[in-house]
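Visitor: I have a protein on my screen and would like to go through it piece by piece. Can you help me read it?

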Amino acid sequence: MGKLTDGKKTIEIFAESEKESITNKVAQYSIQSGDAIIDHTQRESIEWEMTGLIFGKDHNDINNKWLQLITWQFAGNVLFWHGAIYKGDLILENITKDYDEGGFKNAIKVSIKFKEAKTVQSSFVRVQHVGPITPPSPPGLWVTVVAGNTYWGWWKQYGTPIQTLRNWNKWPDRRIPIGARARVK
């Protein structure tokens, strides 16, 4: 009897077989005669496969256990399998329910493929801001444009040449936008 669990819920499965598979991808290219043709290998995730029976007191109980498997698979839950193979950090890659085999009234036959879930540990520092962050003001004197502002008016008020005001603010003389910030000194 094996157990599949996410740490909160557990499904007992009478395991008939358990297999472990390790795949290594090997890149091969044709090159000169007598030279090695393997130039790259890459270890894939380890896979486990098991077949067995899920028993229940009635059809609803069995169906609820099957639905739990579907939920775990859909959500990508990290699971633990405790059987002949004892392994954690597994994701359900494939689940199969066999309706034809066995003819059990109180069980269903299932095949489950697990894939190793590689987990990483990371740390981060949560930064809490005390108040609103305002960017520092650029040097010079800035004003908020109101109706009636002109480059000529700012020249008269602040003494900055009109061409300098035009260069800083980049607006046409008759299209100074109301509500914008304008540099005047």
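Guide: We can go from the overall layout to single residues.

Guide: This is a predicted model, where local features need pLDDT of at least 70, side-chain atom pairs count only at pLDDT 80 or more, and totals for chains, interfaces and linings use all residues. Residues are numbered from 1 along each chain as its sequence is written, and side-chain values use heavy atoms, with hydrogens and water left out.

Visitor: How many helices and strands are there?

Guide: The protein has three helices and 10 strands. Both are DSSP runs numbered from the N terminus, helices being H or I with at least four residues and strands being E with at least two. Starting at the N terminus, the order is β-β-β-β-β-α-β-β-β-β-α-α-β.

Visitor: And what share of the residues is buried?

Guide: Of the 185 residues, 25% are buried. Buried means under 20% relative accessible area, exposed means over 50%, and partly exposed lies in between (1.4 Å probe, protein chains only).

Visitor: Pick a buried one. Where is phenylalanine 114?

Guide: Phenylalanine 114 is in strand β8, residues 107–116. Its relative accessible area is 1%, so phenylalanine 114 is buried.

Visitor: What is phenylalanine 114 in contact with?

Guide: Leaving aside neighbours within four places in sequence, its contacts include Leu4, Ile46, Trp48, Trp81 and Leu92. Contact means heavy atoms within 4.5 Å. Glutamate 20 is 94 residues from phenylalanine 114 in sequence, while their C-alpha atoms are 9.4 Å apart.

Visitor: What about contacts across the protein, how many join residues at least 24 apart?

Guide: That share is 59%, taken among contacts between residues at least 6 apart in sequence.

Visitor: New topic. How many salt bridges are there?

Guide: The count is five, a salt bridge being a side-chain nitrogen of Lys or Arg within 4 Å of a carboxyl oxygen of Asp or Glu. Side chains of opposite charge can pair when their charged atoms come close.

Visitor: Which residue meets glutamate 16 in a salt bridge?

Guide: Lysine 109 does, at 2.5 Å from N to O. This pair links distant parts of the chain, with glutamate 16 in strand β2 (residues 10–21) and lysine 109 in strand β8, 93 residues apart.

Visitor: Is lysine 109 buried or exposed?

Guide: Lysine 109 is buried because its relative accessible area is 13%. Glutamate 16 is partly exposed, at 40%.

Visitor: Which residue forms a salt bridge with lysine 115?

Guide: Glutamate 47, with the closest N and O atoms 3.1 Å apart. Lysine 115 is in strand β8 and glutamate 47 in strand β5 (residues 47–55), so the pair ties together parts that are 68 residues apart in sequence.

Visitor: What about the salt bridge between aspartate 61 and lysine 65?

Guide: Their side chains meet at 3.7 Å, N to O. Aspartate 61 and lysine 65 both lie in helix α1 (residues 59–75), four residues apart, which is about one turn of the helix.

Visitor: Now the rings. How many aromatic pairs does the structure hold?

Guide: Three. One of them is tyrosine 151 with tryptophan 154, which counts as edge-to-face because the ring centres are 5.9 Å apart and the planes are at 65°. Rings of Phe, Tyr and Trp (its six-membered ring) pair if their centres lie within 6.5 Å; planes under 30 degrees apart count as stacked, over 60 as edge-to-face and the rest as tilted.

Visitor: Where do tyrosine 151 and tryptophan 154 sit?

Guide: Both are in helix α2 (residues 151–158), three residues apart, so about one helical turn separates them. Tyrosine 151 is buried, at 3%, and tryptophan 154 is buried at 3% relative accessibility. Tryptophan 152 and tryptophan 155 form a tilted pair, 6.4 Å from centre to centre and with 55° between the planes.

Visitor: Are tryptophan 152 and tryptophan 155 in a helix or a strand?

Guide: They are in helix α2, three residues apart. Tryptophan 152 is exposed, with a relative accessible area of 52%, while tryptophan 155 is partly exposed at 35%.

Visitor: Last one: what sits over the ring of tryptophan 168?

Guide: The charged end of arginine 183, 3.9 Å from the ring centre. The rule asks for NZ of Lys or CZ of Arg within 6 Å of the ring centre and within 35 degrees of the ring normal.
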